[in-house]
Structures are given as C-alpha cells and as structure tokens.
There are 2 protein chains.
Amino acid sequence: MTELLRQEPHVISAGLGVLADAARQQAARVTEVDWKPPMPGTEDDLVTVLGDARRTAANALAVERMLAVRAHLVDLLPAREALGLADGEFLHAGPPVSWERASGPLRGALMGAAVFEGLADDPEAAADLAARGGFTLAPCHSRGAVGPMAGVVSPSMWMFVLADPVTGRRSYCSLNEGLGKVLRYGAYSPEVISRLRWMSAVLGPLLQDAVRRRGPVDVTAILAQMVQMGDEAHNRNRSGTLMLLRDLLPSAVAAASFPASEIARAATFIGGNDHFFLNLAMPACKLALDAARDIPGATMVVAMARNGTDFGVQVSGTGDQWFTAPALTPEGLFLGSYGPQDANPDIGDSAITETAGLGGFAMAAAPAIAALVGGTAADALAATRRMYEITLAEHPLFGVPALEFRGTPAGIDVTLVARTSILPQINTGMAGRVAGTGQVGAGLVTPPAQIFPAALRALARAARA
Amino acid sequence: MTELLRQEPHVISAGLGVLADAARQQAARVTEVDWKPPMPGTEDDLVTVLGDARRTAANALAVERMLAVRAHLVDLLPAREALGLADGEFLHAGPPVSWERASGPLRGALMGAAVFEGLADDPEAAADLAARGGFTLAPCHSRGAVGPMAGVVSPSMWMFVLADPVTGRRSYCSLNEGLGKVLRYGAYSPEVISRLRWMSAVLGPLLQDAVRRRGPVDVTAILAQMVQMGDEAHNRNRSGTLMLLRDLLPSAVAAASFPASEIARAATFIGGNDHFFLNLAMPACKLALDAARDIPGATMVVAMARNGTDFGVQVSGTGDQWFTAPALTPEGLFLGSYGPQDANPDIGDSAITETAGLGGFAMAAAPAIAALVGGTAADALAATRRMYEITLAEHPLFGVPALEFRGTPAGIDVTLVARTSILPQINTGMAGRVAGTGQVGAGLVTPPAQIFPAALRALARAARA
C-alpha cells in the first residue's frame, strides 16, 4: 500500500467521460474503459435472461435455422387464392392497428385498395365505409406475408409465392408498383388504381406463366449476388431487379402466352423500376426469419415492422407477441419541395430486411445508398460495423466486398441491444403524412428504444416460468 | 553554423532506405523523403519533355476531349460493311504482327475465323494458307476498332457501332461469345464455329433491329452506373450486361421481327454471359481516347494493346506510332488443372479500358474482382489509389463508392510513369499459349516497363523538333 502511494496515480475510468476529463485536467494518467450501463431498468431482466440456461443453444438454433433457408420464387397467385383473403379483408404492414389509429398513408392505401376492389366508388366513400367498420384489418405478418410501406394487400392483388425447398414453408409479398404516386406510399389517384388493375390483369398472370414454365428462381442466390453489386436489398434493389428480368424474361418470350406488346410492356415496367426486386427480397427475409420463430429461450428478433403509427418487434422466444411503441420519423433527404413536416412516422414491413442482415445492416455493401438516404460512404461502412455489436451471426452468403467479404451482421439479439443501447439501423422510404400524397423522401431511422426493454421483460418472465 | 552544430543532428534522407537505416542505428533523428530516381536513362528526356511549353495545355486539352465524349450504341453492322473488310482480310488485337510472329491464341483465332469465313475446310488448312501469305493482317486500332483477347475480326462478323453524338466520330467492336472455348481465346473447335455462325445469322441482325427501333443506347451512362454496381468494365461487366438486356429486350420483343424462340435464345445467351458488355465498354473507351489523339506536345497515352507477342502503346503527341516490347505473362488464378506454364503472354485490346480509367484503374469499385484475378479487396483499393500517381485526371462520371465517389484515375501520363516507375495496372483474362486451347485463367499484369522510356524519347524528339 505504501509502495502504491509512492507511485504516480493511474486512474482507470469506466462509463461517463466527465470523470476521466476531470482527472486528466489534474495531470493524472487516465485509461478509459469503453463501458456503458445497459438500458435503464433492464439490469434485473438482463441478469435473468443472460442466466437462462437455454439461451445459448436456443440462439444457436435460431441462427442455424435462419441461415439454412433458401428462398425460391415458385409461383404467383392472387391474394384471395394464396392467403384466403375474403372481400372486405385487408392486410397491412406492421403490428395490428385499427382504422381509427391508422396513419395517413395507411388510410390512403386502404382507401385506394377499396376502390380497386370495387367496394367503394371513390376514396372518400371508402373512408366512410372504413369508419363504419366495413374493413377487416390484419397484419401481413399474421398471414406469412410482408408488405412494403403501407403494405396493404387486398384479395385481387397478385402475390409472389416463395418457398423453402427443404421445408416447403412459404412466404408471400405483393408486386412492386414503382415509385412516386403509388398505393404503398398512400396515394390513391386514378393513375394508381389503373396501374393496379393492369398489374392484376396482366403482370401477375404473365409472371405466373413465366415462373411456372421456367421453374423456381433462387431469390437467396440473387440476394447474395446483389451484395456484390452495390445493393443492400432494402432501398437499393437495382441489380436484383435486373437479374430477375434476366431469369424470367426468356421463358415469357419463348412461351408467347401473352401478346408481344404486353410482354414488352411488362419488361419495360420491371426494368424501369429499380425497386421491383424489393418485393422478393422482403419475403425471402421473412421466410428465413420465420424458420427461427418459437424457440424457447431464444432472444433473437424475428420481425421488425411498422404500421405508420407503431413500431413492433417479435422475438423468437416469445411467440407472436408484438412489443410496440410509437414509431419514430426518419431523417434523410426529401423529394422536390417536401420537408420534414411532410413525413409520416416510419412505416412498412420492409425492416424485415434489416432483421435478416440486409438493408441498413448491409449498407457497407451499398455505399451509393448515401445519395438516397443522406450521409457518406464512410457512414454506410460505420453503420454495418456498428450492427455487429448487436447481432448473433455473420451471414455466410452476404459477404461485404468493402469488409474483405465478411458476412453482414445478422440476427439481432435483444440482450445485446439492451446491454449496449445500440439500436438497429434501418434505412427507409418516407411516406407523406397526409393520405393520398405518396413518397416524400428517404432516410434513416431506428426502432423506438423502449420496445427492447419490453421484449427483454417478457423473455425474463418466460425464463422464470 | 556554430549554433547548428550545438543541436542534435537531424538527418533528411531521400531515396534508398539503407542510408536512413544506418543513420537511425546511430541514434540520429531521421526524416525520410519519399523519392525515387526516374526510370534509368529517362533523365534527359524528362527534362526536355517537362520543359516543353506546349505540354500543360496539350494534356489539359487531351483530358478535356477524352472526358467530353459520350459513347452511344447506334447500330450493328457486319464488319464487311462497317469497316470495309475484304475477303482474306483480318483484324487482330494489339500492335501490328505477322503470322510468323503471332502467338498461339492469335493463330488459333485466325484459323477459326478462316474456317468460319469458308476460306479453309479445317483449322490446319487455314494455318497452311496463312503460312503461304494468304491472310492480310491489320490491327483493330488501325480501323477505329478494338477486340478483346486475340481480337480477330473477319468480314462476316457483326460489329457494335458506337458514335459520339456531338462529333459523330465512331468506334467498333465485335460481339462477345462468352467464356471458355471461344475464338477470342484461340479456340477453333466446331462448337466455336457454329456459335459464330448463329451470332452472324441471328444475334447480330436481331440486335441491329432492336437498336434501330429503340434508338441509341447511352453506353457511357451505363459505364457510370456500373462503377456504382461493382463492375470495373474489364473483367467484371455483370451489371452492364444486365442493363443492356433491360434496354434492348423490350424493343426486340415488341417488334417481333424474329421468332419468339430466337429472341428468347438471344436473351438467354446475353444474360448467361457476364462479359457480354465488355465489347461495348471497350469501344466506348476507344471512342473517348481517340478524341484525345494527335495533340502536339500531349504526353497522354491514347492506347495500350497487346497481340500476344508484343505490348504496344500509342501517345497523343506522337500520332499512330506504336512503342512496343515483348508482352509480359499475367499472374493470377487458373481454371481447372491449368497452371502458369499454360498461359500465353498478355493479349488483347481490352487494356483500352485501363487507358480510359476503368479496368485495373477502377478495381477499387469492384472488390469482388479479387476472386477472379487473385488478391484481396484491400489490394483492389490500393491498385486504384496507386494509379492516381500516373494519371492526369479523375473521371467525373466514374465515382468510386469506396473512395467517397472520387473519380477513377484516368489519362496515363508518360512523364509520370517515367518519373515514378509506377506501371499501369491491368487486369486480364489469360489465353492458353497453344492454339485451340481457350481460356486458362485470369490475373494481373503491367506493360513491359521499357515502352515508356521509348515513348518519352519520341516525345522529347518531337519537342526538340
């Protein structure tokens, strides 16, 4: 002890930097330990969940199942047939929500879909019908489906059908309409409805015919290629769209089941919409994550989804329970004269891509995304690097060129989020908050922090049971 | 002076590291200056050329003209029509070469082309005919064309016709056959010849019809996109090929000028060959560099090309003169059981991509190329960074995502190469050295160093004249 006091003091500081600064100002030698307390109020639940004897094996199994899935596009079908949707029944993105609590873009999309289905003559009449309880609403996720932005699915819309060839499990997603004034961003003008009619009358059946003639398209393999080609499969799907066109078009052309002019129109429509493949990337991620559901003790997130009002997560160890809180509003870049005041809070099932190790988690592979959502290529690299702190695995198929082909961070662990306070990084389109507007921009967002302590609490309760 | 001696000595060392090391071992403070002598024997010529009053403005003009070119695909035509090639006349890659001095793959390609043209019944008979002086040979570059690998063009082969909409100038390249056993790698088996016959009978006319109906395809714009999508446009042309398919297929389908089965076959052929777009990237680069030719005093390289025996460069300030030396053999990765002993020396006009700021100069944009040519993503980044040392410009259209969208290094300056001894980095396919073999691998190579002092000597002579 006497010996210790004879030496110069050497301060080791953990946590807040102010103490280290104060010691340094008094000329003391200071070593700072990079330590932060966990999210407030999670200490006891963390002790319980981290002490759950099932956890390590359960998470290993969740990861193994997620990574084993191959998603093949095997068919296209109308939602009525694929999902058994009845007249007046609509699916939407995110956790459950009522018409009363629905945001502008979700309302707008439901109004447009009701007109498209012939349930109302115009959007206003559709809104009246909805307010009188005329619509039955359910989350896409509750039917094995996902939907970008508002994510509204009605019986006559055509769905991509994806299947895992090993397990036969399936997932579903509607067809992408393009950008700007489109239903999924809450627009419902006549051009939106007539595009939907063409998609149902021609595009869906034509692609169904092409897929059935050609045989399954390996969507997972395309995703792996995309990560080598500057796409992160959420807000950049350029190369994926082109590869889909390459894979499906020859069989459509050779079969000639449709007039050449319609095949050409379909090719132009798909080729002119860099986001077309998003609606295949999303159900591929959904299929992978669904395989990791319902493993007792597993703390891995299996869904992140937003309905424009609430943000919700589902966790492997807690079944179908949603942990929700009000969605945040993205920050980013705006189209034309739109600004922050025009943006609706975060909306869409597309955060399923981040949940599976793509999107915001794979931005290091898509530095050009910076031009869309703001920031620099260095920011994109940093975002991916940060996500390794809260994930259980590195995806072996999604090697990031700029990181010497290290796999993307995949499999969000609720305990790691609670422990580090690092929130999942999501990149996203922004819908106008007023129904009927359409897209107003794109940017970055995270889940509201409080859903992770809530999920952790449920995991702790399950561990104690 | 007394003051100086009273201080600790501080050594400043330029050049070889051994002197700095010796001083450091004697505990002296050493600052090393990163300096190397120029290439041996270039000192006097460097003084003359760097002192040429025309040089700065001439190079600025060369750069300006190169960067101003937009290359549009405007038509396809048989070489007979496009280039006025007569029977028995063949173009080849690289600087001029005789049959006697031609390498195995160039001989193999000429033999196959002669069979394809009906000048000989079999490859052996074609070789006899060539040995008796039956072929007229000329470099592609001498006719405004470029050809990958052997680069053999015969009158019946179809050519892409590219034009700059402002100046109307044109450049030409044959259609890409795919990989493996193909004419450009020196293979001449019956499958090679029958593929060439289909390309002339169907693929060329079909694409001609599609381009004429659609209107020009902006190849330069596609190149700019490719650099955002992991392609460097020499050994990775994946996204470029897909974008071409997207742009041309709808008009081919809509017109229905050809049977649906042939349109589907063409789409499958193009979509199944990631290198198809190389034969558009190359003439686009040729068109840009031809604009920078023949500027008195300009020290910018306007062509690098290899015929499998010699490597040659042409420089803006010295007209059509080739500066040549024996081509080096690439180092890289081999297909199947092939090894270094099977590789022919460097061959092809495709180094026109590096000359224009793509290929090896843009590898930082295509880290996945490492899997093809060897090395790591970090090596790819370092290669691009090194090329800034010997180039005059950063290409404003080719922003490298991993370098925060800094333009690729473009416009090689002979004086900078002589001054730094840094040689242009080329990535390339490797042909088997025995005629008839085909591709054996892919790798990295540089020009033989001595061609740059030779070019500098000619520039110095011109400056003194």
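Is Ala256(B) buried, exposed or partly exposed, judged by its C-beta neighbours inside 10 Å? The first view takes up this question, and the others follow; please keep in mind that the model is predicted.

**View 1. Ala256(B), in the loop between H10 and H11 of chain B.** Ala256(B) counts as partly exposed, as it has 16 C-beta neighbours inside 10 Å. Look at the backbone here too: Ala256(B) is not a glycine, and yet its phi is positive, at about 55 degrees.

**View 2. Where chain B touches chain A.** Chain B brings 29 residues to the contact, and chain A brings 30 residues. On the side of chain B, helix H10 (238-255), helix H11 (260-271) and helix H15 (377-387) are the elements that give two or more residues. H10(B) supplies the largest share, 10 residues. By type, this side of chain B holds 19 nonpolar, 7 polar and 3 charged residues. The copies meet through the same surface, because 100% of the interface residues of chain B are also interface residues in chain A.

**View 3. Ala362(B) in the largest nonpolar core.** This core has 315 residues, and Ala362(A) and Ala362(B) are those with the most contacts inside it. Beyond its neighbours within four places in sequence, Ala362(B) is in contact with several residues of its own chain, among them Val227(B), Ala233(B), Phe398(B) and Val400(B). The contacts of Ala362(B) also include Glu232(B), Gly357(B), Thr384(B) and Thr408(B).

**View 4. Helix H6 of chain A and its surroundings.** H6(A) covers residues 104-116, and its 13 residues reach 18 Å from the first C-alpha to the last, close to the 18 Å expected at 1.5 Å a residue. The helix is largely enclosed by the rest of the structure, because 12 of its 13 residues are buried. Among the buried residues of H6(A) are Leu106(A), Arg107(A), Met111(A) and Phe116(A). The elements of chain A that the buried residues pack against include helix H7 (123-131), helix H8 (190-214) and strand E10 (301-307). Just after H6(A) comes Gly118(A), which takes a positive phi of about 75 degrees.

**View 5. Helix H12 of chain B, a mostly covered helix.** H12(B) spans residues 278-290, with 13 residues and a reach of 18 Å between its first and last C-alpha. Of its 13 residues, 13 are buried.

**View 6. Val11(B) in strand E1 of chain B.** Strand E1 takes in residues 10-14. Although Val11(B) and Val30(B) are 19 residues apart along the chain, 4.7 Å separate their C-alpha atoms. Not counting residues up to four places away in sequence, Val11(B) touches Ala23(B), Ala28(B), Arg29(B) and Val30(B). Val11(B) is partly exposed, with 15 other C-beta atoms within 10 Å.

**View 7. Phe405(A), a loop residue between strands E15 and E16 of chain A.** The loop lies between E15 (391-400) and E16 (406-412). Phe405(A) has a phi near 70 degrees, which is positive in a residue other than glycine. Phe405(A) is partly exposed, and 18 other C-beta atoms lie within 10 Å.

Note on methods:
Residues are numbered from 1 along each chain as its sequence is written. Chains are lettered from A and ligands numbered from 1 in the order in which they are written. This is a predicted model: local features need pLDDT of at least 70, side-chain atom pairs count only at pLDDT 80 or more; totals for chains, interfaces and linings use all residues. Two residues are in contact if their C-beta atoms, placed from the backbone, lie within 7 Å. Helices (H or I, at least four residues) and strands (E, at least two) are DSSP runs, numbered from the N terminus. Ala, Val, Leu, Ile, Met, Phe, Trp, Tyr, Cys and Pro count as nonpolar, Asp, Glu, Lys and Arg as charged, and the others, Gly among them, as polar. The expected span of a helix is 1.5 Å times one less than its number of residues. A residue is buried if 20 or more other C-beta atoms lie within 10 Å of its own, exposed if 12 or fewer, and partly exposed in between; C-beta atoms are placed from the backbone. A nonpolar core is a set of buried Ala, Val, Leu, Ile, Met, Phe, Trp, Tyr and Cys residues joined through C-beta atoms within 7 Å.
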